[in-house]
Amino acid sequence: MSTVAHEHDHHHAPSGLKRWIFSTNHKDIGTLYLIFSLMMFFIGGAMAMIIRAELFQPGLQFVDPQFYNSMVTVHALIMIFGAVMPAGVGLANWMIPLMIGAPDMALPRMNNMSFWILPFGFALLISTLFMNGGGPAGGWTMYPPLVLQLGDAFPFLIFTVHILGVSSIMGAINIIATVFNMRAPGMTLMKMPLFVWTWVITAFLLIASLPVLAGAVTMLLTDKYFGTSFFSAAGGGDPVLFQHIFWFFGHPEVYILALPAFGIISTIIPTFSRKPLFGYASMVYATASIAILSFFVWAHHMFTVGMPIKGELFFMYATMLISVPTGVKVFNWMATMWRGAMTFETPMLFSIAFVILFTIGGFSGLMLGITPVDFQYHDTYFVVAHFHYVLLTGAVFALMAAVYYWLPKWTGYMYDEKLGKIHFWLSTIAANVLFFPQHFLGLAGMPRRIPDYNIQFADFNMISSIGGFAYGLSQLLFVYIVIKCALGGKKAKAQAWEGAKGLEWTVPSPAPFHTFETPPKLTKAMLEH
Amino acid sequence: MTSIFKKLIQAAFLLTLPLVAVAEWGLNMREGITPISQKVYNMHMVSLTVVTIIGIVVFGVMFWSIFHHRKSRGVKPAQFSHSTTVEVIWTAIPLIIIIGLAIPATKLLIEMDDTSDSALTVKAVGYQWKWKYEYLEDDLTIYSNLDEKSVELSQRVDTANPMEHENYLLDVDEPLVLPTNTKIRILTTANDVIHAWWVPDLGWKRDAIPGFINDNWTMISEPGTYRGQCTEICGKGHGYMPIVVKAVSMDEYKTWVAEKKESQEAAAASSNKEMSMQELMTKGEAVYKANCLACHQANGQGVQGVFPALAGSQIATKPENIKTHITHILYGKNLMPAFGEQLNDGDIAAVATYERNAWGNDTGDMIQASDVKAERK
């Protein structure tokens with residue numbers, strides 16, 4: 001590989017389909033991830049629409065209970081592994097090299113592969129819906145023995161989980177390798193933008209937790225086909241063992257979805273407050289503490305399995321402790337806004353909504369962490385409301401904020417601010433109409449994952465469904481705004497936002513195909529956050 | 001500042017009050033009817049109040065900032081970026097709050113865990129999709145299925161209107177009868193997959209796990225009927241296996257046990273008798289609705305790929321398969337559970353006859369209790 005040939009490549013970026021299939025460019029792969037996750041968001045969303053349509057009123061109207069359970073299961077798998085995680089990886093791909101002054105990701109070919117196996121993984125998963133016996137219907141948590149009753153879809157489900165895990169682990173390795181090796185001179189760890197920090201920590205969570213999930217589902221596979229009894233009491237195993245292993249992955253997974261969101265919010269709020277992030281160091285430490293604690297709280301997802309009381313107390317205390325570093329983050333965001341000079345463009349609106357609504361999800365999380373009361377909340381709609389507040393109005397709102405924030409850098413055009421604001425208000429109102437009443441449903445006694453319910457739950461379910469349809473429709477506006485912005489509009493400056501800090505704003509908008517081929521010379525001002 | 005704080009705290013209390021007032025509308029957790037459920041409710045209200053106050057204070061400060069610190073008001077942004085003092089304060093305060101919540105929670109959990117000195121033990125066994133209750137001291141077993149009216153209304157047909165049924169999906173054919181003011185130990189386990197046993201008014205739920213037994217306790221203070229549902233996804237019929245507890249006085253409970261045992265013995269004795277086609281079909285239809293319909297469907301068509309059709313099937317129509325038909329019902333096959341333990345010979349004979357003659361199967365076959373008895377090992 002001569003330097004000349006290398007130079008030559010720059011001016012002839014591959015075009016057409018090949019550009020995307022063989023791409024090793026972090027920006028193209030980032031774009032692929034983001035588009036893919038948007039598609040998955042709509043597929044998973046369509047399933048949510050089916051769920052809300054069936055729950056619109058009591059009685060069975062549209063689907064039979066088995067298919068309903070499939071929708072509940074596949075909606076979760078798609079939204080978690082197909083929409084939120086790839087969107088986070090897409091942002092990492094696009095922004096981390098730009099933020100640390102690197103020319104690309106450290107392992108570009110692996111980057112290509114980690115993206116391109118995703119569509120195959122999801123093709124497998126979605127194909128199971130058409131198989132004999134239907135798609136996976138035992139919940140995304142795949143608890144045995146129920147999951148072992150699945151028909152032909154079972155091995156495909158296991159293989160899908162393996163594939164998605166491999167993809168995520170490769171993505172995580174790439175991010176760690178990039179951040180530790182490719183920072184521009186002068187960009188010390190404690191000078192990195194917080195988004196980069198949250199992603200490095202997330203990447204370690206991925207590497208530590210996903211192999212555990214792979215192990216658990218492989219044990220399911222051998223239980224079903226090779227006569228082992230890891231999870232069958234009849235053969236000396238224990239079905240609860242699966243839950244312990246699953247949630248040892250599952251709880252860190254929650255933070256895999258949430259930490260990049262924290263990074264995004266910590267980037268956007270200072271920009272539109274025109275003020276440095278408050279408590280940068282404590283933000284880093286809080287993120288790390290949350291990540292470490294996340295490995296010691298898994299059993300709060302399974303307080304009702306009948307653990308010894310000492311175990312229940314330990315997991316209750318550990319769970320409640322997480323609210324301390326999380327609180328620190330919320331307070332830091334507030335202190336960043338305090339005495340700033342705020343403006344309220346769409347990314348800022350989504351970020352403020354994130355802080356409030358994620359905190360509401362945190363409040364219900366604290367309530368759920370109190371074991372004796374969790375015996376009432378567990379597996380009801382109160383839990384459904386809780387995790388949708390942290391994942392939809394939390395993680396997804398942060399991702400929306402990020403897209404609006406960096407769209408000018410990606411496309412070179414400003415998005416339509418007016419439409420962006422309409423999209424924000426529609427989404428925020430609809431999401432609350434959708435999920436707030438679910439707290440009441442859960443407290444009043446409606447279990448989750450049921451296709452039909454008693455008439456006392458009818459009113460709130462109808463309200464919730466109306467909110468659901470409104471939320472779903474509002475997202476079409478988002479697609480329109482993004483496409484409109486990609487096609488043209490007001491030219492974006494290199495520094496698209498007045499108060500924005502960071503290296504990504506020193507390159508032109510749209511960011512050229514190759515950036516920072518020689519490391520940038522960092523001045524003190526450029527390293528401020 | 002202190003006066004603002006006071007006002008905010010007062011406002012928080014006022015805001016939580018309506019939640020208490022509208023508890024009957026199904027907005028809030030139920031207080032329940034046991035000493036424990038009351039304590040759980042109180043703990044819930046304490047934590048709800050605490051987070052509401054925190055929320056009002058935190059969001060209040062934030063909105064104050066949003067209104068006052070905006071560029072359009074011409075403010076110049078400050079440039080401070082840390083303050084060790086405030087950071088220590090807002091780490092310490094949440095820590096103190098959660099310690100304050102953890103102490104009563106620990107006490108309550110220890111109290112809930114103590115199943116000693118119970119006067120009565122009931123074992124609740126989850127099945128796909130019903131509950132079996134074994135009264136261990138009284139040597140009595142009952143099965144609790146979704147009530148017939150809910151079964152009819154839960155079909156996917158236009159004529160079904162669940163609004164007609166107040167206890168839709170929350171009613172059973174045989175409720176769990178329990179004495180009041182007695183410490184009752186409730187064991188939970190399951191026969192096939194994991195279920196969870198929950199009656200909100202008792203203040204807790206517990207998983208029912210195949211191969212393992214969890215123990216819990218309750219002491220009901222008021223007679224009445226209390227309803228709940230399975231709360232762990234357990235397959236297609238997860239939403240259709242409610243739990244109904246009927247709490248009565250100790251005397252009434254004892255009478256009920258005696259009557260139940262008597263009627264079970266009578267039914268077992270009469271189940272051996274020959275029945276006419278008419279009798280078999282009527283009884284068979286009832287048994288089918290309670291036990292078979294969830295999977296094989298009202299029209300006998302099953303669910304493609306999961307639950308085989310009975311209408312027109314080899315087993316339910318070919319004369320040479322009568323024995324196989326009976327043994328499938330008695331001992332189960334693949335996903336199909338064994339019914340030999342919970343249905344008597346007469347019930348199985350009737351349901352087999354029904355399946356061989358309903359939905360156009362019209363074989364004319366009559367199965368009698370003696371035929372079933374012959375297949376029992």
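Two residues are taken to be in contact if their C-beta atoms, placed from the backbone, lie within 7 Å. In the predicted model described here, 82% of the contacts in chain A between residues at least 6 apart in sequence join residues at least 24 apart. For chain B, residues 24 or more positions apart account for 67% of the contacts with a separation of 6 or more.

Chain A contains 15 helices and zero strands, and its C-alpha atoms fill a box of roughly 65 × 50 × 45 Å along the principal axes. The radius of gyration of chain A is 23 Å, which agrees with the value near 24 Å that a compact globule of 529 residues would have. Of the 529 residues in chain A, 61% are buried. Chain B, by contrast in its secondary structure, has 11 helices and 10 strands. The radius of gyration of chain B is 28 Å, well over the 21 Å that the globule rule gives for 377 residues, so chain B is more spread out than a compact globule. The box filled by the C-alpha atoms of chain B, again taken along the principal axes, is roughly 90 × 50 × 35 Å, and buried residues make up 38% of the 377 residues in this chain.

Within chain A, the packing of one pair of helices was examined. Two packed helices are described by the angle between their axes and the distance between the axes. Helix 6 (residues 153-181) and helix 7 (residues 194-225) of chain A have axes that come within 8 Å and cross at roughly 155 degrees. Since angles over 145 degrees count as roughly antiparallel, helix 6 of chain A and helix 7 of chain A are therefore roughly antiparallel to each other. The crossing in which helix 6 of chain A passes helix 7 of chain A is left-handed, and the residues of this contact comprise 22 nonpolar, three polar and one charged.

The interface between the chains brings 79 residues of chain A into contact with 85 residues of chain B. On the side of chain A that touches chain B, at least two residues each are supplied by helix 4 (65-100), helix 8 (239-273), helix 9 (280-293), helix 10 (309-337), helix 11 (346-369), helix 12 (371-377) and helix 14 (417-444) of chain A. Helix 10 of chain A gives the most to this side, with 14 residues. By class, the residues of the side of chain A that touches chain B divide into 45 nonpolar, 26 polar and eight charged.

Helix 10 of chain A also takes part in a helix pair that spans the two chains, packing with helix 3 (residues 84-113) of chain B at an angle of about 160 degrees, with the axes 10 Å apart. That angle makes helix 10 of chain A roughly antiparallel to helix 3 of chain B, and the crossing of these two helices is right-handed. From helix 10 of chain A, the residues that make the contact include I309(A), L313(A), M316(A), Y317(A), M320(A) and F331(A), while those from helix 3 of chain B include W90(B), P94(B), L95(B), I98(B), L101(B) and D113(B). In total, the contact of helix 10 of chain A with helix 3 of chain B has 17 nonpolar, four polar and two charged residues.

Several features of the backbone were also noted. Most residues other than glycine have a negative phi, and most peptide bonds are trans. In chain A, a cis peptide bond with omega of about -5 degrees joins S509(A) and P510(A), and P510(A) is placed in the segment after helix 15 (458-487) of chain A. In chain B, the peptide bond from Q128(B) to W129(B) is likewise cis, with omega near 0 degrees, and W129(B) is found in the loop between strand 1 (120-127) and strand 2 (130-135) of chain B.

Positive phi values occur at two aspartates of chain B. D139(B), in the loop between strand 2 and strand 3 (140-144) of chain B, has phi near 55 degrees, a positive value in a residue other than glycine. With 9 C-beta neighbours inside 10 Å, D139(B) counts as exposed, the cut-off for that class being 12 or fewer. D362(B) has a positive phi of about 35 degrees although it is not a glycine, and its place is in the loop between helix 10 (345-357) and helix 11 (369-375) of chain B. D362(B), with 10 other C-beta atoms within 10 Å, is exposed.

Technical notes: Residues are numbered from 1 along each chain as its sequence is written. Chains are lettered from A and ligands numbered from 1 in the order in which they are written. This is a predicted model: local features need pLDDT of at least 70, side-chain atom pairs count only at pLDDT 80 or more; totals for chains, interfaces and linings use all residues. Helices (H or I, at least four residues) and strands (E, at least two) are DSSP runs, numbered from the N terminus. Ala, Val, Leu, Ile, Met, Phe, Trp, Tyr, Cys and Pro count as nonpolar, Asp, Glu, Lys and Arg as charged, and the others, Gly among them, as polar. Axes are lines fitted to C-alpha atoms, for helices over the stretch in contact, and angles run from 0 to 180 degrees between N-to-C directions. Angles under 35 degrees count as roughly parallel, over 145 as roughly antiparallel, 65 to 115 as roughly perpendicular and the rest as oblique. A crossing is left-handed if the near helix is turned anticlockwise from the far one by less than a right angle, and right-handed if clockwise. The radius of gyration is taken over C-alpha atoms; the globule rule is 2.2 Å times the number of residues to the power 0.38. A residue is buried if 20 or more other C-beta atoms lie within 10 Å of its own, exposed if 12 or fewer, and partly exposed in between; C-beta atoms are placed from the backbone.
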